[in-house]
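Come and read along with me.

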Amino acid sequence: MIALTNKAHSDLQILTRLALEGDKNLVFSGVIESLELLERYPGLGVSGSLPDTRELQLNGGFLAVYTMIDDSILVFRIIPEVPLGLVE
């Protein structure tokens, strides 16, 4: 099971809102597809910069910061790999 913290859920809403109108579904589905990989392959990604976390590069240029709790995955944040506003 994958759970999003309130902040990760908010991140996802903001990212899809900021995506270009035609790309909203593409951004949302790309991120969701990447997160669903965690259900099949828990522990994907690299060790996170925070203790007991992992970081997974998502489709669309985003990064998920998550942890494993028993058989569940808790996503703390979904953040852009490049800060928004710095991409030309």
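**Entry one: a serine and its neighbours**

I began with S34, which touches L56, L58 and N59 when residues up to four places away in sequence are not counted. A contact here means heavy atoms within 4.5 Å.

Before going further, I noted that this is a predicted model, where local features need pLDDT of at least 70, side-chain atom pairs count only at pLDDT 80 or more, and totals for chains, interfaces and linings use all residues. Residues are numbered from 1 along each chain as its sequence is written, and side-chain values use heavy atoms, with hydrogens and water left out.

I then asked where S34 lies. I found S34 in helix α2, residues 24–40; helices (H or I, at least four residues) and strands (E, at least two) are DSSP runs numbered from the N terminus. Is S34 buried or exposed? S34 counts as buried because its relative accessibility is 4%, and buried means under 20% relative accessible area, exposed over 50%, and partly exposed in between (1.4 Å probe, protein chains only). I also checked S34 against L63: they are 29 residues apart along the chain, and their C-alpha atoms are separated by 10.0 Å.

**Entry two: a proline in a loop**

Next I looked up P51, which is in the loop between β2 (46–47) and β3 (54–58). P51 counts as exposed because its relative accessibility is 69%.

**Entry three: strands side by side**

Which strands does β5 join? Strand β1 (residues 2–4) and strand β5 (residues 72–80) run parallel, with three bridges between them; two strands pair if DSSP finds at least two bridges between them. I noted I73 in β5 as the bridge partner of I2.

Strand β4 (residues 62–69) runs antiparallel to β5, and eight bridges join them. Here I69 has S72 in β5 as its bridge partner. I saw that β4 and β5 form a hairpin with two residues between them, and that D70 in the turn has a positive phi of about 55°.

Last, I stepped back. The chain has two helices and five strands, in the order β-α-α-β-β-β-β along the sequence. Of its 88 residues, 31% are buried. Among contacts with a separation of 6 or more, 41% are between residues 24 or more positions apart.
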